[in-house]
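Here is a friendly walk through one protein model and its ligand. Please keep the sequence and the 3D view open while you read.

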Amino acid sequence: MALFVEVLPHKQDLLSRALAVMKTEISRSLAARGQCAIALAGGSTPKPLYEALAQLDLPWSKIHIFWGDERYVPADHPDSNQRMAREAWLDHVDFPPENIHPMATTSNDPAQDAQIHEGQLQEFFATAPGEFPAFDLVLLGIGDDAHTASLFPHTAALSVGDRLVTVGEKQGEPRLTFTIPLINQARCVIFLVSGDSKRPALARIFAPEASHLDFPARAIKPQGDLWWFMDQAAGSELKARP
Ligand code: 6PG
C-alpha cells in the first residue's frame, strides 16, 4: 500500500485533487483492463465531485458504478446514496443502464439484500465465493465518529471477514455496506474529508495507537494506493503533527 495525505486550503481544492487522481486511475484501469469499476461514497461531501465528473467526456460504456454503502431506503428516497449520485452525475452522461449497479434495498430483509448484491459482485468480477475482487477505485468519506462506508464503531459489520457485503447499523437503522476486506482489496481508495467537525475523528484515525473498533476508518489499508484528501478545516491537527 502506498499512502498519500494531502491537506488542501478549501473543500473545492480537495475535490479538484480527487478528480485529478480519479482521472488518472480511470485511464490506468482502462489501459490495463479495458474497464473501470468504481464504488462511490455517499453522504454530502462527494456531491460537487460527482457534478464535476458529469462535465467530463469519458468512455462511460467502459466504466461501471457501484456504491460502497447504501442507506436502507428506496432508491428515490432523499437519503439514498444512489439518488444523490444519479442526480449529481450518472443521469447527466450516457452510462449504459447495465453499467450502474446499485444495492437493492427493497426486500425488507437487509441481510438478504446484502447477499444478493454480493452475488452480483461475484458475477460481475467472475470471482468465486470467498474470493475478494479488486475494485479499481473506492471513494470513501468519514463521519464525525470515524465511521466509513456504513462501518460504524462497535458494530458487527467490523468483524465480517468472509463476505463482500454485509449489513451495517447506524443507531439501530440498517444499512448495506462493503466489508473491510472487500474495500482493502481495492487498487485505489480515496478518502474525501471536509469540515472542522471531522478534525477529532481524523486525529484518532491517524493516531499511532487506537482500535479500528472505535475508529473504523483506521481499518482501511488497501493493497493499492490510499489517498487522503482533506481541507484545512478538517486536517489542521494533522498539519500540526510532527
Ligand atoms: C453515507 C456514507 C458515509 C459518509 C460519511 C461522511 O452513506 O453516509 O457512505 O460513510 O461518507 O458519513 O458523510 P458526509 O460527506 O455527509 O460528511
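A residue counts as buried under 20% relative accessible area, as exposed over 50%, and as partly exposed in between, with a 1.4 Å probe and only the protein chains considered. By that rule threonine 177, at 0% relative accessibility, is buried. This is a predicted model, in which local features need pLDDT of at least 70 and side-chain atom pairs count only at pLDDT 80 or more, while totals for chains, interfaces and linings use all residues. Residues are numbered from 1 along each chain as its sequence is written, and side-chain values use heavy atoms, with hydrogens and water left out.

**The ligand site**

Let us start with the ligand. The shell around the ligand holds 14 residues, and the closest are Thr45, Asp69, Arg71, Ala149 and Lys198; a residue belongs here if one of its heavy atoms lies within 4 Å of the molecule. By type, the shell divides into two nonpolar, eight polar and four charged residues. In this scheme Ala, Val, Leu, Ile, Met, Phe, Trp, Tyr, Cys and Pro are nonpolar, Asp, Glu, Lys and Arg are charged, and the others, Gly among them, are polar.

| Residue | Protein atom | Distance to a ligand oxygen atom |
|---|---|---|
| Threonine 45 | polar side-chain atom | 2.7 Å |
| Arginine 71 | polar side-chain atom | 2.7 Å |
| Alanine 149 | backbone N or O atom | 2.7 Å |

On its own the ligand has 410 Å² of accessible area, and the protein covers 87% of that; such areas come from the Shrake-Rupley method with a 1.4 Å probe, and for residues only the protein chains shown count as cover. The ligand takes up the space of the largest pocket. A pocket is an open set of points, on a 1 Å grid over the protein atoms alone, with protein on both sides within 12 Å along at least five of seven lines. A molecule sits in a pocket if more than half of its atoms lie within 2 Å of its grid points.

**Loops worth a look**

Helices (H or I, at least four residues) and strands (E, at least two) are DSSP runs, numbered from the N terminus. Between strand S5 (137-140) and strand S6 (165-170) runs a loop that contains alanine 146, and histidine 154 is also in the loop between S5 and S6. Alanine 146 has a positive phi of about 70 degrees although it is not a glycine, and histidine 154, not a glycine either, has a positive phi of about 60 degrees. Are these residues buried or exposed? Alanine 146 is buried, at 0% relative accessible area, whereas histidine 154 is exposed at 59%.

Histidine 101 is in the loop between helix H3 (81-88) and helix H4 (110-125). With a relative accessibility of 17%, histidine 101 is buried. Its side chain makes a polar contact of 2.9 Å with the side chain of histidine 64. A polar contact is a pair of N or O atoms within 3.5 Å; within protein, one must be able to donate a hydrogen and the other to accept it, and residues adjacent in sequence count only if both atoms are side-chain atoms.

Proline 74 is in the loop between strand S4 (69-71) and H3, and is partly exposed at 43% relative accessibility.

**Distances across the chain**

The C-alpha atoms of proline 74 and threonine 105 are 6.2 Å apart, with 31 residues of separation in sequence. Glutamine 120, in helix H4, has its C-alpha 26 Å from that of lysine 47, at a sequence separation of 73 residues.

Key. On a 1 Å grid over the protein atoms alone, a cavity is a set of points where a 1.4 Å probe fits but cannot get out, and a pocket is an open set with protein on both sides within 12 Å along at least five of seven lines; lining residues have an atom within 4 Å of a point.
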